Amino acid sequence: MRAARLIKMVLLLQNRPSMTAAELAAELEVSERTVTRDALALSEAGVPVFSERGRTGGYRLVGGYRTRLTGLAKDEAEALFLSGLPGALRDMGLQDAASAARLKVSAALLPSVADAPVSAARRFHLDAPAWYREPAAPELLPEVARAVWDDRWLSARYRRRDGEEVERRLAPYGLVLKAGVWYVCARAGSGYRTYRVDRFTAVAVDGERFARDPDFDLAVFWAERAAEFARSLLRAEVVVRLTAEGARRLPHVTDRAAAEEALAGAVPGGDGRVTATLRVESEEVAFGQLFGLGPEVELVAPDSLRARFAEAARAAAERYR
């Protein structure tokens with residue numbers, strides 16, 4: 001533990017001209033007294049750490065000293081590729097490995113490009129979770145992530161949508177973060193399936209490794225399953241008559257692929273409106289999505305939904321009379 005901290009201290013000083021005891025203590029998550037003891041230990045070991053007293057003082061490396069301790073460990077190298085997703089790294093328990101990897105990479109850079117990591121961080125940030133949702137990492141995510149990284153079998157209890165819990169033995173191929181929700185794509189039996197990580201109630205990482213199929217492509221698999229899932233939700237149809245403005249806004253209020261399909265097959269009318277058949281999840285969902293289009297849409301069918309729109313329109317008109 002202390003050896004890792006001393007290495008990190010050297011790398012920090014190597015990347016900055018000078019750091020105060022308070023700054024080092026904050027980075028290393030220790031007291032300033034510990035920083036003083038660590039600096040003395042490094043000096044005794046031959047690392048030229050020099051301290052300056054006073055208001056502008058601090059610790060620095062003397063004579064352009066550069067350590068050769070920049071080789072990346074396996075977990076650090078893997079975490080480095082996710083360094084643009086700080087929340088995901090934290091959720092999977094990899095923030096320390098990513099921090100160490102960034103320090104080592106920075107230490108290996110030439111002085112002319114040493115500020116590249118800071119420059120990029122100031123200009124680009126990826127925020128994965130959806131709006132209006134407080135992101136909460138599943139409690140068992142770090143264990144699932146460990147199985148994914150090490151290609152180890154995972155024994156799990158999974159709560160299905162109907163509430164029933166089932167036992168599964170999975171070969172977890174990859175993790176996906178979609179709109180703040182974590183999914184694991186895994187081989188179960190002879191096929192591949194997708195599971196929500198927050199529905200695991202218990203997991204255990206086996207000592208046995210599974211043989212990964214080299215032809216499995218996580219991005220392709222997820223894209224296909226996501227499209228398949230979206231299509232499976234659209235179990236009902238409604239017929240709508242849209243103005244030009246309604247047609248323009250339709251993909252923004254309902255499933256985009258379904259909206260584009262409906263508009264592609266729309267039949268023009270003599271009044272400048274088009275009639276389209278739209279696939280929707282249910283009448284209840286369609287009401288919530290389409291009522292916001294106001295006068296830009298007219299529900300033609302089914303009659304039950306048309307009657308609901310008419311009643312809601314009358315109630316709104318009465319409210320604003």
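Predicted model: local features only at pLDDT ≥ 70, side-chain atom pairs only at ≥ 80, totals over all residues.

Me: What makes β5 and β6 paired strands?

Reply: Two strands pair if DSSP finds at least two bridges between them. Strand β5, residues 181-188, and β6 have 6 bridges in the antiparallel sense, so the pair meets that cut-off. One place to look is alanine 188, which stands opposite glycine 191 in β6.

Me: How do you know that β4 and β5 pair?

Reply: The cut-off is at least two bridges. β4 and β5 have 7 bridges and run in the antiparallel sense, so they count as paired. Leucine 175 stands opposite valine 184 in β5.

Me: What lies between the strands in the hairpins that β5 forms with β4 and with β6?

Reply: The hairpin of β4 and β5 has 2 residues between its strands, and alanine 179 there takes a positive phi near 50°. The hairpin of β5 and β6 also has 2 residues between the strands; glycine 189, in the turn, has a positive phi of about 70°.

Me: Which order do the strands of the 5-stranded sheet follow, and why are β6 and β7 at its edges?

Reply: The order in this open sheet is β6-β5-β4-β3-β7, with antiparallel pairing. β6 (191-196) and β7 (200-209) each have a single partner strand, so one side of each lacks a neighbour in the sheet. On average, neighbouring strands here are turned by 45° against each other, direction ignored.

Me: Why is β5 said to be largely enclosed?

Reply: Buried means under 20% relative accessible area. In β5, 7 of the 8 residues are buried, so the rest of the structure largely encloses this strand.

Me: Which helices contact this sheet?

Reply: Helix α8 (residues 141-150) lies across β3, β4, β5 and β7, at about 80° to β4. Helix α9 (residues 218-233) packs on the sheet and touches β4, β5 and β6, its direction making about 75° with that of β6.

Me: What makes β8 and β11 a pair in the 4-stranded sheet?

Reply: That open sheet has the order β9-β10-β8-β11 and antiparallel pairing. Its edge strands, β9 (267-268) and β11 (297-301), each have a single partner, so one side of each is without a neighbour in the sheet. Arginine 241 has glutamate 298 in β11 as its bridge partner.

How values were computed:
Residues numbered from 1 in each chain as written. Heavy atoms only, no water. Axes fitted to C-alpha atoms, helices over the stretch in contact; angles between N-to-C directions. Contact = heavy atoms within 4.5 Å. Buried < 20%, exposed > 50% of the residue type's maximum accessible area, 1.4 Å probe, protein only.
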